[in-house]
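Subject: Structure handover and notes

Hello,

Here is the structure I said I would pass on. Please open it before you read the notes below.

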Amino acid sequence: MSEMFFSARPINEADLPALLEIYASTRAEELALVPDWTEAQKRTFVTQQFMAQHQYYQELYKGADLQIIETEQQQAIGRLYVHWQYSPTEVRIMDIAILPPYRGQGLGSKLLEAVLRQGADLSKSVTIHVEYNNPALHLYERLGFKKIGEFNTVYHLYEWKPDPTS
């Protein structure tokens, strides 16, 4: 496998269709369990959910770093939303999502490791809410995140703390 090159840049309104596709990819397995819905109904539902989440992030996390991840050819392949000033002691990863063809190639690890390095430079812990059945949970644990709480019985709150000796 060759090395994947990618870049990150702030999102803009023109990115909404690509961001919708990235979001929809995170809901595909869940929606496959709803056999009575047509593809059009599923698409309508996902679009409504995406727009609600997008608006929520824009309003609740003012000042957050909302980035789209792209290949060298400027093809959108993921998103990384981080609020560096979530609190005086905490960086919050609001969302990380990568399109299925690009998963399992180390991209998520590289993105998360960059966030953790910056968190360490800021002397802040890094937190993220993770669904209890998210396959990426093993990645978070491998990177040193520890479960510190639950939210709505669906999400677990995970925290990574910088090494105080480094």
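Does Ser123 count as buried or exposed? Ser123 has a relative accessibility of 60%, so it counts as exposed, the cut-off being over 50%. Please keep in mind that this is a predicted model.

If the word pairing is new to you, strands of a sheet pair through backbone hydrogen bonds, either parallel or antiparallel.

The link from strand 3 to strand 4 is a hairpin of two residues. Ser87 has Glu90, in strand 4, as its bridge partner.

On to strand 5 (residues 125-131): strand 4 runs parallel to strand 5, and four bridges join the two. Ile93 is found opposite Ile128 of strand 5. Together with helix 3 (residues 107-121), strand 4 and strand 5 make a β-α-β unit, which is right-handed.

How many of the nine residues of strand 4 are buried? Nine of the nine are, so strand 4 is largely enclosed by the rest of the structure.

The helices

Helix 1 covers residues 16-32, which is 17 residues. From first C-alpha to last it reaches 23 Å, close to the 24 Å expected at 1.5 Å a residue. Helix 1 does have a bend, of about 45°, at Thr26.

Several residues of helix 1 are buried, among them Leu16, Leu19, Leu20, Tyr23 and Leu31. As background, an α-helix has 3.6 residues a turn, so residues three or four places apart point the same way. The cover over the buried residues of helix 1 includes helix 2 (39-60), strand 2 (65-71), strand 3 (76-87) and strand 4 (90-98).

Helix 3 has 15 residues and spans 21 Å between its first and last C-alpha, close to the expected 21 Å. Its buried residues include Leu107, Leu111, Leu112, Val115 and Leu116.

Single residues

Which residue with a positive phi follows helix 3? This is Ser123 again, with phi near 55°. Ser123 is in the loop between helix 3 and strand 5. For context, most residues other than glycine have a negative phi.

Gln74 is another residue to look at: its phi is positive, about 60°, although Gln74 is not a glycine. Gln74 lies in the loop that runs between strand 2 and strand 3. With a relative accessible area of 56%, Gln74 is exposed.

Gln67 is part of strand 2. Its relative accessibility is 18%, so Gln67 counts as buried, for which the cut-off is under 20%. Leaving aside residues up to four places away in sequence, Gln67 touches residues including Ala8, Arg9, Pro10, Leu80 and Tyr81.

Met51 counts as partly exposed, at 38% relative accessibility. Met51 is 43 residues from Met94 in sequence, and the two are 16 Å apart in space, C-alpha to C-alpha.

Regards

Definitions and conventions. Residues are numbered from 1 along each chain as its sequence is written. This is a predicted model: local features need pLDDT of at least 70, side-chain atom pairs count only at pLDDT 80 or more; totals for chains, interfaces and linings use all residues. Side-chain values use heavy atoms; hydrogens and water are left out. The expected span of a helix is 1.5 Å times one less than its number of residues. The bend at a residue is the angle between axes fitted to the seven residues ending there and the seven starting there. Buried means under 20% relative accessible area, exposed over 50%, partly exposed in between (1.4 Å probe, protein chains only). Contact means heavy atoms within 4.5 Å. Two strands pair if DSSP finds at least two bridges between them. A crossover is right-handed if, with the strands pointing away from the viewer, the path from the first strand over the helix to the second runs clockwise.
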